[in-house]
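Student: I have a new structure open and would like to learn how to read it. Where do we begin?

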Amino acid sequence: MTSESPAVRPRRREQLRDFLRTCRARLTPADVGVVAVGRRRTPGLRREEVAALAGVGVSWYTWLEQGRDITVSSEVLDAVSRALRLTDLERAHLYLLAGLNPPRVGGARGDEVSPELRRLLDAWLPRPAILRDRYWNLLAINDATRTVFGYDDTDHNCLVTFFTNARYRDMHVHWASVAPVVVAAFRADAAHAPGDPGFDRVVDELGAVSAEFAELWARHEVGAQVQAVKAIRHPEAGDLVFDVTTLAVADGSDRYLELCNPRPGTGTEEQLERLAHAAVPV
């Protein structure tokens with residue numbers, strides 16, 4: 001985690017103490033398969049019972065629950081999370097309170113796209129919109145993305161499409177100057193999850209078919225995704241210019257919406273309307 005001020009640390013430990021006590025109090029011995037012995041003066045599990053379930057020492061767990069300045073590891077926090085039957089979000093919260101970077105949550109949801117998100121993509125028409133995951137894999141696109149950018153059924157990853165979709169490359173006015181920026185942004189995303197095989201798969205796949213990508217990746221340049229401008233020269237609509245905004249979907253799933261908005265004064269909005277009407281079957 002990033003450094004914290006001396007004034008913040010006691011507050012974090014106080015919250016850790018209260019959180020663990022609350023989680024322990026809401027469980028009964030029967031919930032976790034523990035045989036209750038003797039008279040119980042406190043609600044929920046005892047500290048020694050949580051320690052036994054987690055496979056840690058009673059003193060160490062007591063110090064953790066008291067918010068003392070002790071060394072913790074992800075393995076032990078995971079064991080405590082299992083003992084207390086924490087949800088993924090509660091487990092991530094425990095990590096933060098203990099002073100560690102939390103694990104990603106929501107990844108098990110896979111490529112499932114909710115009806116609400118699909119409706120949002122379609123509601124953005126006639127402007128292009130993309131839903132992708134943290135590896136830049138395409139999860140869903142709207143019809144304008146196909147019509148405007150030339151995406152088709154073979155496109156499965158934004159970065160791979162950027163380098164290998166010939167139609168998209170030919171339309172992109174500033175492709176050569178933008179390519180290093182795109183690769184640097186992908187490396188920055190990958191740096192948040194070192195060793196994640198999902199990022200490695202994209203790099204290996206693209207590096208095997210694109211020497212341009214391999215050369216740029218070898219530079220080890222890192223850059224953040226920012227508010228971007230995308231300019232293309234469409235074969236039917238002419239010059240189109242978009243402001244591209246990337247928004248995180250706030251459900252812990254590491255999914256992102258890329259919304260393309262016509263830049264004012266460029267005539268892009270009018271051209272999109274013409275393309276949309278031309279694409280409607282008669």
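Tutor: Let us begin with a term. A crossing of two helices is left-handed if the near helix is turned anticlockwise from the far one by less than a right angle, and right-handed if clockwise. Keep in mind that this is a predicted model.

Student: Which hand does the crossing of H1 and H6 have?

Tutor: H1 passes H6 in a left-handed crossing.

Student: How do I describe two packed helices?

Tutor: Use the angle between their axes and the distance between the axes. Here the pair is helix H1, residues 8-25, and helix H6, residues 88-98. Their axes come within 8 Å and cross at roughly 145 degrees.

Student: Which residues of H1 and H6 meet?

Tutor: From H1 come Arg 12, Gln 15, Leu 16, Phe 19 and Leu 20. From H6 come Glu 90, His 93, Leu 94, Leu 96, Leu 97 and Ala 98. Sorted by class, this contact holds seven nonpolar, two polar and two charged residues.

Student: Now the sheet. How do strands hold to each other in general?

Tutor: Strands of a sheet pair through backbone hydrogen bonds, either parallel or antiparallel.

Student: How many bridges join E3 to E4?

Tutor: Seven bridges join E3 to strand E4, residues 238-248. To find your place in this pair, look for Ala 228, which stands opposite Val 244 in E4.

Student: Next, single residues. Is Glu 65 buried or exposed?

Tutor: Work from the cut-off: buried means under 20% relative accessible area. Glu 65 has 0%, so Glu 65 is buried. Glu 65 lies in helix H4, residues 58-65.

Student: What does Glu 65 touch, leaving out residues up to four places away in sequence?

Tutor: Arg 17, Leu 20, Arg 21, Arg 24 and Arg 47. Take Leu 20: Glu 65 and Leu 20 are 45 residues apart in sequence, yet 6.0 Å apart in space, C-alpha to C-alpha. Leu 20 is also one of the H1 residues that meet H6.

Student: And where is Asp 196 found?

Tutor: In the loop between helix H11 (175-191) and helix H12 (197-209). Its relative accessibility is 13%, so Asp 196 counts as buried. A polar contact of 2.9 Å joins its side chain to that of Tyr 135. Beyond four places in sequence, Asp 196 touches Arg 134 and Tyr 135.

Student: What should I expect of the backbone?

Tutor: Most residues other than glycine have a negative phi, and most peptide bonds are trans. Now look at the peptide bond from Leu 125 to Pro 126: this bond is cis, with omega near 10 degrees. Pro 126 is in the loop between helix H7 (115-123) and strand E1 (129-133).

Student: Where does a positive phi turn up in a residue other than glycine?

Tutor: His 220 has one, near 60 degrees. His 220 sits in the loop between helix H13 (211-217) and E3. At 55% relative accessibility, His 220 counts as exposed. Arg 85 also has a positive phi, about 60 degrees. Arg 85 is in the loop between helix H5 (74-83) and H6. With 43% relative accessibility, Arg 85 counts as partly exposed.

Terms used. Residues are numbered from 1 along each chain as its sequence is written. This is a predicted model: local features need pLDDT of at least 70, side-chain atom pairs count only at pLDDT 80 or more; totals for chains, interfaces and linings use all residues. Side-chain values use heavy atoms; hydrogens and water are left out. Two strands pair if DSSP finds at least two bridges between them. Helices (H or I, at least four residues) and strands (E, at least two) are DSSP runs, numbered from the N terminus. Axes are lines fitted to C-alpha atoms, for helices over the stretch in contact, and angles run from 0 to 180 degrees between N-to-C directions. Contact means heavy atoms within 4.5 Å. Ala, Val, Leu, Ile, Met, Phe, Trp, Tyr, Cys and Pro count as nonpolar, Asp, Glu, Lys and Arg as charged, and the others, Gly among them, as polar. Buried means under 20% relative accessible area, exposed over 50%, partly exposed in between (1.4 Å probe, protein chains only). A polar contact is a pair of N or O atoms within 3.5 Å; within protein, one must be able to donate a hydrogen and the other to accept it, and residues adjacent in sequence count only if both atoms are side-chain atoms.
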